[in-house]
Amino acid sequence: MSKAKRPHRLEIYEHAVQQPWAEAALLGRIYEAMNGGESAWLLREDFAGTCSVAASWCESHPERQAMAVELHGPTLRWAQRRHAHIEDLHLVEADVMQIASPKVDLTAALNFSTFIYHDESALLGYLRHARKGLRPGGVFVMDVFGGPGAQRLGTQTRPADGFTYQWEQRAFDPITHRIDCRIHFTLGDGHTIRSAFRYDWRLWTLPELRGLLSKAGFGQVEVWSEAKNGRIGPAKRLPAAEDWVAYLVAKR
Ligand SMILES: C[S@@+](CC[C@H](N)C(=O)[O-])C[C@H]1O[C@@H](n2cnc3c(N)ncnc32)[C@H](O)[C@@H]1O
């Protein structure tokens, strides 16, 4: 495959780790569950990357609109080209902390994006900002991963459609919970993209994050996770799995 014909690394990323339609549907369901069956219309996707969740949100209903905020110019421009046909999607190149309006029904920070904040005051500042940007009844959703496996070094490999996806946990510091994670891809023609994405994160725990959401002023904070039947819903307990992923859902 010539270099020109190889898919963009963001396109491969979207196929490898995102399910934008399912994520948009879940966000709508979470809002309804927290608001007595009422629907959400305006979504804000923070740390939006491919902006594909916001795009799927707009495409899921003619009345739905979304704003996607992404700091990295080349990523945002790729998303602009990819979603140029979607009228109700507004893409903004900015730090999430710079954008305070319009107020929205739902804000999503997915794929562990809030882990970019390494210290409590910075994360609390973002959570307060996210809360302020919500209309009354508005809901903030973020995802979290954890379990003993999240602190173990190593690489997991998963074959996908036309490429291989690798998730590497390269370093973890038990003192600071700083974690260095990488995504690598190997394409069908054998071409490898090492460290296609690199994350310098703080591995926050669920109790820490719940505490910070409450401190930020959110009135109702729930953990949502996948049940045995595959459906994602509110959970009071999680099994002590080697690796787990959950959503934190917080109502203004
Ligand atoms: C882990 S990726 C997640 C992308 C996407 N939300 C997803 O679900 O796959 C985090 C993204 O946040 C962007 N980002 C990092 N810091 C940011 C900030 N302060 N404001 C806006 N975007 C930021 C990065 O450029 C990157 O595209």
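Student: What should I know about the model before we start?
Tutor: It is predicted: local features need pLDDT of at least 70, side-chain atom pairs count only at pLDDT 80 or more, and totals for chains, interfaces and linings use all residues. Residues are numbered from 1 along each chain as its sequence is written, and side-chain values use heavy atoms, with hydrogens and water left out.

Student: How many residues surround the ligand?
Tutor: 18 do, each with a heavy atom within 4 Å of the ligand. The closest are Y13, F47, E70, V96 and N111.

Student: Which polar side-chain atom of E70 distance do we get to a ligand oxygen?
Tutor: 2.5 Å. A polar contact is a pair of N or O atoms within 3.5 Å. For Y13, a side-chain N or O atom is 2.4 Å from a ligand oxygen. For Q18, the value is 3.2 Å. The protein covers 87% of the 600 Å² of accessible area that the ligand has on its own (Shrake-Rupley, 1.4 Å probe).

Student: Switching to the core. Which residues have the most contacts inside the largest one?
Tutor: F140 and F185, in a core of 84 residues. A nonpolar core joins buried nonpolar residues (under 20% relative accessible area, 1.4 Å probe, protein chains only) through side-chain atoms within 4.5 Å. Strand β5 (residues 134-146; a DSSP E run of at least two) gives the most, with seven residues.

Methods
Polar contact = N/O pair within 3.5 Å; in protein donor to acceptor, adjacent residues only side chain to side chain. Buried < 20%, exposed > 50% of the residue type's maximum accessible area, 1.4 Å probe, protein only. Helix = DSSP H or I, 4+ residues; strand = E, 2+ residues; numbered from the N terminus.
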